[in-house]
Amino acid sequence: MWIPGGQQPGATQLPSPAELAALAHKQLRLPTPTIAANPTGDQLVNLPTWLWLSSGWGPVSATASVPGVSVSAVARPTSVSWSMGDGDTVTCTGAGTPFRPGADATAPSPDCGHTYRTSSASQPGQAFPVTATVHWTVTWSGAGEGGTFPDMTTTSTATFRVAESQALNNGGG
């Protein structure tokens with residue numbers, strides 16, 4: 001809101017806290033999530049895939065102000081839904097745990113993972129399309145008031161090639 005220099009805003013000229021909250025909401029710039037997985041290259045059938053977001057997870061805020069009144073909108077990620085491309089969906093309540101070198105590659109992720117049961121060889125590009133959708137809860141507060149906005153989402157995509165490892169047992173003789 002623009003107020004000419006030297007003039008004092010009147011009570012009727014000031015936006016309400018809810019109107020300021022709407023301005024703050026419009027200023028929110030939610031980050032695009034960055035998909036990460038282990039194994040880092042091709043995934044393997046029947047081997048756990050660890051899923052996490054290497055960025056794009058954490059609170060984001062914006063503030064709108066007029067003389068004497070400030071209202072902030074805060075978006076907080078609450079979950080991430082993974083569409084794995086094979087028909088399965090995984091929902092995680094956090095960003096996931098990054099796989100650490102030296103950890104057991106056959107162990108499932110402690111909080112966000114998936115195990116492919118089929119190869120992606122028959123898929124277009126021989127890879128499964130993977131989508132991660134972060135769900136955000138948005139609240140606002142200021143001037144002794146507060147409220148919520150409709151939830152927001154951000155999305156990122158990747159492709160995962162899933163190979164099938166074949167073993168031949170010749171009897172060991």
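A disulfide is a pair of cysteine sulfur atoms within 2.5 Å. The structure, which is a predicted model, holds 1 disulfide. The tour starts there.

**Stop 1: the disulfide**

Select Cys92 and Cys112 and show their side chains. These two residues form the disulfide, with their sulfur atoms 2.1 Å apart. Turn the view until you look along the bond between the sulfurs. The angle about the S-S bond is 80 degrees, and the link of Cys92 and Cys112 is right-handed. Cys92 belongs to strand β6 (residues 89–92) and Cys112 to the loop between β6 and β7 (113–115), so the pair ties together parts that are 20 residues apart in sequence. Are these cysteines buried or exposed? Cys92 is buried, and Cys112 is buried too.

**Stop 2**

Val90 counts as buried because its relative accessibility is 14%, and the cut-off for buried is under 20%. Leave aside the neighbours within four places in sequence, and Val90 is in contact with Val80, Ser81, Trp82, Met84, Gly113 and His114. Val90 and Ala132 are 42 residues apart in sequence, yet their C-alpha atoms are 9.4 Å apart in space.

**Stop 3: the nonpolar core**

In soluble globular proteins, nonpolar side chains tend to be buried together. Here the largest nonpolar core has 35 residues. Which residues have the most contacts inside this core? They are Trp82, Met84 and Phe160. Colour the contributing elements next: α1 (17–27), β1, β3, β4 (60–66), β5 (69–83), β6, β8 and β9 each give two or more residues to the core. Of these, β8 gives the most, with 7 residues.

Centre the view on Met84. Not counting residues up to four places away in sequence, Met84 touches Leu51, Val90, His114, Tyr116, Phe128, Pro129, Val130 and Phe160. Val90 from the previous stop is one of these partners.

**Stop 4: two aromatic pairs**

How many aromatic pairs does a search of the whole structure find? The search finds 2. Select Trp50 and Phe99 for one of them. These rings form an edge-to-face pair, 5.0 Å centre to centre, with 90 degrees between the planes. Trp50 sits in strand β3 (residues 48–55) and Phe99 in the loop between β6 and β7, so this pair ties together parts that are 49 residues apart in sequence. Trp50 and Phe99 are both buried.

Then select Tyr116 and Phe128. Their rings are stacked, 5.1 Å centre to centre, with 5 degrees between the planes. Tyr116 is in the loop between β7 and β8 (128–142), whereas Phe128 is in strand β8, so the pair ties together parts that are 12 residues apart in sequence. Tyr116 is buried, as is Phe128.

**Stop 5: paired strands**

Switch to a cartoon view and keep Phe128 marked. Phe128 stands opposite Phe160 in β9. The strands β8 and β9 pair in the antiparallel sense over 14 bridges. Follow β8 into β9 through their hairpin, which has 2 residues between the strands. There, Ala143 takes a positive phi near 55 degrees.

Strand β8 also pairs with β5: the two run antiparallel and are joined by 11 bridges.

Move on to β1 and β3, which pair in the antiparallel sense over 5 bridges. Ile35 has Leu53 in β3 as its bridge partner. Strand β1 is mostly covered, with 4 of its 5 residues buried.

**Stop 6: the salt bridge**

Side chains of opposite charge can pair when their charged atoms come close. The count in this structure comes to 1 salt bridge. Select Arg161 and Asp42, whose side chains meet in that salt bridge at 3.3 Å, N to O. Where in the chain are the two residues? Arg161 is in the loop between β9 (145–160) and β10 (162–163), and Asp42 is in the loop between β1 (34–38) and β2 (43–44), 119 residues apart. Arg161 counts as partly exposed because its relative accessibility is 37%. Asp42, at 36%, also counts as partly exposed.

Methods
Residues are numbered from 1 along each chain as its sequence is written. This is a predicted model: local features need pLDDT of at least 70, side-chain atom pairs count only at pLDDT 80 or more; totals for chains, interfaces and linings use all residues. Side-chain values use heavy atoms; hydrogens and water are left out. A salt bridge is a side-chain nitrogen of Lys or Arg within 4 Å of a carboxyl oxygen of Asp or Glu. Buried means under 20% relative accessible area, exposed over 50%, partly exposed in between (1.4 Å probe, protein chains only). Rings of Phe, Tyr and Trp (its six-membered ring) pair if their centres lie within 6.5 Å; planes under 30 degrees apart count as stacked, over 60 as edge-to-face and the rest as tilted. A nonpolar core is a set of buried Ala, Val, Leu, Ile, Met, Phe, Trp, Tyr and Cys residues joined through side-chain atoms within 4.5 Å. Contact means heavy atoms within 4.5 Å. Two strands pair if DSSP finds at least two bridges between them.
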